[in-house]
Number of protein chains: 2
Amino acid sequence: MKLEMICTGEEVLSGQIVDTNAAWFADTMMDEGIEVARRITVGDRLEDLVEVFRERSLHADVILVNGGLGPTTDDLSAQAMAEAKGEPLVENTEWRQRLEDWFSKHNRVMARSNLKQAMLPESAVMVDNPVGTACGFRVKLNRAWLFFTPGVPFEFKRMIPEQFIPFIKQEFQLDTATKVKKLLTLGQGESMLQDKLSELELPEGVTLGYRSSMPYIEIKLFARGEAAIAALDTLVSKVHFILGTGVVAEDKPSLAEELHHLLLAKGKTLSAAESCTGGMLTSQLVAFPGSSAYLMQGLVTYSNEAKVKILGVKPQTLDDYGAVSIETVEEMAAGARALLDSDYALSTSGIAGPDGGTDAKPVGTVGIALATRYGVHSQMIKLPRRSRELVRQLSSAVAYDMLRRELLGEAPIVDYDSIGRFAR
Amino acid sequence: MKLEMICTGEEVLSGQIVDTNAAWFADTMMDEGIEVARRITVGDRLEDLVEVFRERSLHADVILVNGGLGPTTDDLSAQAMAEAKGEPLVENTEWRQRLEDWFSKHNRVMARSNLKQAMLPESAVMVDNPVGTACGFRVKLNRAWLFFTPGVPFEFKRMIPEQFIPFIKQEFQLDTATKVKKLLTLGQGESMLQDKLSELELPEGVTLGYRSSMPYIEIKLFARGEAAIAALDTLVSKVHFILGTGVVAEDKPSLAEELHHLLLAKGKTLSAAESCTGGMLTSQLVAFPGSSAYLMQGLVTYSNEAKVKILGVKPQTLDDYGAVSIETVEEMAAGARALLDSDYALSTSGIAGPDGGTDAKPVGTVGIALATRYGVHSQMIKLPRRSRELVRQLSSAVAYDMLRRELLGEAPIVDYDSIGRFAR
């Protein structure tokens with residue numbers, strides 16, 4: 001079964017918006033063990049659309065078309081498909097009724113232009129869109145089924161699992177069960193992970209993939225068939241054994257999300273005192289609804305004055321050791337924790353670059369501390385040759401991992417292969 | 001001149017990484033007044049690459065190929081091009097020397113696999129890559145020039161303006177001068193902007209485009225030819241006149257960046273006290289190198305306790321008016337400013353959702369205040385039906401705009417068309 005994708009819309013083609021639907025779709029299909037063989041992005045010109053539908057229908061079995069189903073004059077996917085097939089557009093009475101119901105339910109007057117959304121190519125099979133006014137549909141042309149979906153991400157992401165995947169599974173008898181297990185890793189390059197996992201014997205039906213989402217790399221174990229699925233747990237244990245502390249979460253896209261759930265589950269509170277991470281550590285947690293239950297405060301104490309006045313760092317400490325030092329981050333964390341008596345506090349202070357480094361403390365030197373009710377853990381890490389953004393990302397991730405490990409009763413400070421550390 | 005783009009690489013096709021090069025390229029070409037007609041994304045299979053090079057060479061004048069120039073066995077662009085053209089790969093002695101120099105300069109041993117990067121199709125014209133080991137090149141096949149560039153964004157983004165654009169300008173005599181002016185807008189939907197600007201008479205040679213980059217919409221005025229360029233300034237004034245306070249910056253991609261430069265230029269200092277924006281306001285400024293010069297502190301005072309203890313908000317104020325109120329954000333801003341005696345302080349407190357709303361203060365209610373040495377300006381805005389992320393983005397943007405306007409000597413509080421406000 002050869003699957004291709006056609007993305008339509010000037011705003012995608014012209015770079016006005018980054019095509020996140022395409023990446024999401026390919027990734028989602030990979031989770032089902034199905035590869036997208038080619039992706040074509042075209043604008044809103046009718047003749048271009050007709051040409052690309054005809055041409056690709058000779059080469060692919062299924063073509064997922066995204067976009068161009070809206071009510072405006074730019075939205076030409078249905079018309080182009082009808083022309084490509086050489087048939088008229090006809091009104092789908094079921095969808096017209098749905099449109100009328102939708103508008104009356106939302107107390108809105110339906111513009112005449114919306115009726116266009118019920119016009120489908122004559123041979124089209126309607127495909128339900130449960131959350132919008134753009135009607136999905138599919139049409140067979142030459143070798144291919146062309147499957148039309150709206151560009152609105154929220155609608156698209158409902159229709160793929162609910163409509164598209166069941167359709168191709170049935171149409172192409174893809175009835176083998178599949179399962180994906182994702183392991184989030186920190187502090188290991190992709191080539192390093194590949195080297196280490198090359199010794200891993202993959203049971204039949206299991207494939208291994210990588211997905212980079214800075215500062216993490218996600219390992220994907222994909223199993224096809226009951227035997228492969230049954231072997232997955234053992235395989236996950238082996239990956240844990242080989243990578244050790246490099247694996248920081250399972251089936252979570254980031255450490256911030258892992259930590260969010262862990263803090264809620266354990267009922268513990270957190271404060272943060274950030275210097276070089278500059279609010280990133282706090283902000284990534286605040287992104288999750290419900291974080292107010294554990295996050296007491298996040299203090300971005302960029303200036304020395306703020307470190308002294310708000311966190312109670314001793315001026316002598318700053319004079320003796322500097323703002324980027326074990327001693328300073330320890331006092332920052334202890335001060336932030338004590339302020340509101342939270343269970344934990346994390347602190348960072350470092351040189352994110354591109355300037356500000358010295359021989360003793362080059363760009364990428366970052367101090368990180370975790371204060372608990374019983375003491376403070378701290379380390380100074382080395383992140384040379386990383387961008388400012390990546391230094392901040394990695395520093396936040398290491399800080400999260402310290403607290404994650406502490407919450408799980410493990411030693412908070414560990415080595416990560418591609419992250420150096422200063423000796424105490 | 002018909003321009004197409006071919007993006008290669010399994011990691012792009014499979015959604016392991018979002019293809020930001022493609023969006024950046026299309027956007028950059030638009031700034032030159034050149035449209036990308038079609039974009040095709042293929043994996044790393046040799047036969048797929050050969051097929052797509054041959055096929056598209058019959059339809060386009062120029063094809064920008066991105067990716068597949070690295071040293072590994074997956075990198076097949078040069079080999080595929082040689083096969084498509086029916087010619088051998090030959091070693092480019094100039095690039096081999098460059099490789100040897102590059103490795104010796106960086107004190108690294110060159111792996112044998114790197115020599116592959118000097119192997120180009122026989123008829124290829126070398127294209128310089130000043131910042132990496134992947135050699136660019138171009139080959140003429142059928143109607144098209146295929147122009148090969150590395151996938152590494154940093155290298156790609158150097159080669160497009162330095163090599164690709166001058167090449168096509170010369171090859172296709174695109175010697176008309178062009179200029180782009182970008183106006184950043186806040187608080188106006190795209191259809192609203194279109195409506196308002198529909199009365200605008202565009203001089204010949206000027207086109208108008210929109211680019212959404214939440215929470216902003218950027219207006220692009222593109223001028224081709226001396227007369228059009230000369231008319232641009234007047235046109236920009238007209239857009240300012242029509243949109244009024246909706247235009248918040250010129251030729252800057254975000255208000256954070258505009259404010260960063262403004263604070264540096266004016267030598268003023270800033271503190272922030274964030275509740276619902278949760279560090280986002282601070283973090284977007286910290287992203288710019290040099291922000292430590294003006295940013296004294298950013299306090300994420302999520303809990304009431306933190307608001308009282310750190311910022312000196314009166315418990316009575318919280319009891320009487322609640323955490324999301326004019327009174328509270330005013331005390332937050334005044335407290336944050338006084339702490340380190342900074343010139344300004346911004347504060348936010350709101351209900352970002354999806355839960356936590358009440359009838360009186362529904363989700364999307366956000367209080368924002370700006371404290372100066374002479375007083376406090378504050379407002380309560382309404383952002384209904386926005387996601388948690390967008391409420392935080394818009395709140396940060398409105399706060400930035402208040403300070404931007406204050407720094408320019410303008411009234412800090414204004415109406416934005418699509419942002420409601422509570423009456424005092």
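Which residue lies over the face of B:Trp145, and at what distance from the ring centre? In this predicted model, the residue is B:Arg138, at 4.8 Å from the ring centre of B:Trp145. Let's take a friendly walk through the aromatic side chains, where the structure holds 18 aromatic pairs over all chains.

**A pair in chain A**
- The ring centres of A:Trp102 and A:Phe103 are 5.2 Å apart and their planes meet at 70 degrees, so this pair is edge-to-face, given that angles over 60 degrees count as such.
- A:Trp102 is partly exposed, as its relative accessible area is 24%.

**A pair in chain B**
- B:Phe147 and B:Phe167 make a tilted aromatic pair, with 5.6 Å from centre to centre and 35 degrees between the planes.
- This pair links distant parts of the chain, since B:Phe147 belongs to strand E8 (residues 144-149) of chain B and B:Phe167 to helix H7 (residues 153-171) of chain B, 20 residues apart.
- Both B:Phe147 and B:Phe167 are buried.

**A cluster in chain A**
- One aromatic cluster brings together A:Trp24, A:Phe25, A:Trp145, A:Phe147, A:Phe156, A:Phe164 and A:Phe167.
- A member of this cluster, A:Trp145, has A:Arg138 over its face, at 4.8 Å from the ring centre.

Methods: Residues numbered from 1 in each chain as written. Chains lettered and ligands numbered in written order. Predicted model: local features only at pLDDT ≥ 70, side-chain atom pairs only at ≥ 80, totals over all residues. Heavy atoms only, no water. Phe/Tyr/Trp six-rings, centres within 6.5 Å; stacked < 30°, edge-to-face > 60°. Buried < 20%, exposed > 50% of the residue type's maximum accessible area, 1.4 Å probe, protein only. Helix = DSSP H or I, 4+ residues; strand = E, 2+ residues; numbered from the N terminus. Lys NZ or Arg CZ within 6 Å of the ring centre and 35° of its normal.
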